[in-house]
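Q: I've got a new structure to look at. Can you walk me through it?

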Amino acid sequence: QVRLVESGGGLVQTGGSLRLSCAASARTTYNYVMGWFRQAAGKEREFVAAASWTSGNTVYTDSVKGRFTISRDNAKNAVYLQMNSLTPEDTAVYYCATSRILNMRSIDEWGKGTLVTVSS
């Protein structure tokens, strides 16, 4: 079983930036995609961004396009989320996940999450 470990969360002011990291303990024959979800207090978990190991394709939810950038390091089995121009609406626990499809509608593994808090 693949273990995912997130890091990089914290407290930042509106307009600031953070970079989240997620390291996978291994890459299997099926976890072609790594990505990020987030869950704000009292809300459902929502998709944020994903990147494919094989094609290099990326996908983002509309609310983060132009502000967030997902990237990956295949050699390190890692994925990163650079978050710029943060707003209080981005405050959430951010979860790393793996999937076999880019839209990540089916998840194989979840990380435990890292908290991002954006102050106004």
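A short tour follows, from the overall fold down to single residues.

Q: What kind of model is this?
A: This is a predicted model.

Q: How many helices and strands are in the protein chain?
A: The protein chain has 0 helices and 11 strands. Read along the sequence, the pattern is β-β-β-β-β-β-β-β-β-β-β.

Q: What about the span of the C-alpha trace along its principal axes?
A: The C-alpha trace spans about 45 × 25 × 25 Å.

Q: And what is the radius of gyration of the protein chain?
A: The radius of gyration is 13 Å. A compact globule with 120 residues would have a value near 14 Å, so the two agree.

Q: Which share of the residues is buried?
A: Buried residues make up 42% of the 120 residues in the protein chain.

Q: Switching to charge. How many positive and negative side chains are there?
A: There are 13 positive and 9 negative side chains. The centres of the two sets lie 5 Å apart.

Q: How many disulfides does the structure hold?
A: The structure holds 1 disulfide. That disulfide joins Cys22 to Cys96, with an S to S distance of 2.0 Å.

Q: Remind me, what is a disulfide?
A: A disulfide is a covalent bond between the sulfur atoms of two cysteines.

Q: Where do Cys22 and Cys96 lie?
A: Cys22 lies in strand β3, residues 18-24. Cys96 lies in strand β9, residues 92-99. So the pair ties together parts that are 74 residues apart in sequence.

Q: Is the disulfide left-handed or right-handed?
A: The disulfide is left-handed, because the torsion about the S-S bond of Cys22 and Cys96 is about -80 degrees.

Q: Is Cys22 buried or exposed? And Cys96?
A: Cys22 has 1% relative accessibility, so Cys22 counts as buried. The cut-off for buried is under 20% relative accessible area. Cys96 is buried too, with a relative accessible area of 0%.

Q: What does Cys96 touch?
A: Leaving out residues up to four places away in sequence, Cys96 touches Leu4, Glu6, Cys22, Met34, Gly35, Trp36, Val79, Glu109, Trp110 and Gly111.

Q: How far is Cys96 from Val5?
A: They are 91 residues apart in sequence. In space, Cys96 and Val5 are 7.7 Å apart, C-alpha to C-alpha.

Q: You listed Trp110 as a partner of Cys96. Where is Trp110 found?
A: Trp110 is in strand β10, residues 107-110. Trp110 is partly exposed, with a relative accessible area of 37%.

Q: What else does Trp110 touch?
A: Not counting residues up to four places away in sequence, Trp110 touches Leu4, Phe37, Arg45, Tyr95, Cys96 and Ala97.

Q: And what separates Trp110 from Trp36?
A: They are 74 residues apart along the chain, and their C-alpha atoms are separated by 9.5 Å.

Q: Where does Asn77 lie?
A: Asn77 lies in the loop between β7 (68-73) and β8 (78-83). At 16% relative accessibility, Asn77 counts as buried.

Q: Which residues does Asn77 touch?
A: Beyond residues up to four places away in sequence, Asn77 touches Cys22, Ala23, Ala24, Ala26, Arg27, Met34 and Trp53. Cys22, from the disulfide, is one of them.

Q: What about the phi of Ser85?
A: Ser85 has a positive phi of about 50 degrees, although Ser85 is not a glycine. Ser85 is in the loop between β8 and β9. At 41% relative accessibility, Ser85 counts as partly exposed.

Q: Last one. Where is Thr58 found?
A: Thr58 is in strand β6, residues 58-60. Thr58 is partly exposed, with a relative accessible area of 40%.

Q: Which residues is Thr58 in contact with?
A: Apart from neighbours within four places in sequence, Thr58 is in contact with Ala50, Ala51 and Ile70.

Methods: Residues numbered from 1 in each chain as written. Predicted model: local features only at pLDDT ≥ 70, side-chain atom pairs only at ≥ 80, totals over all residues. Heavy atoms only, no water. Helix = DSSP H or I, 4+ residues; strand = E, 2+ residues; numbered from the N terminus. Rg over C-alpha atoms; globule rule 2.2 N^0.38 Å. Buried < 20%, exposed > 50% of the residue type's maximum accessible area, 1.4 Å probe, protein only. Lys, Arg positive; Asp, Glu negative; His and termini not counted. Charge placed at Lys NZ, Arg CZ, Asp CG, Glu CD. Disulfide = S-S within 2.5 Å. Contact = heavy atoms within 4.5 Å.
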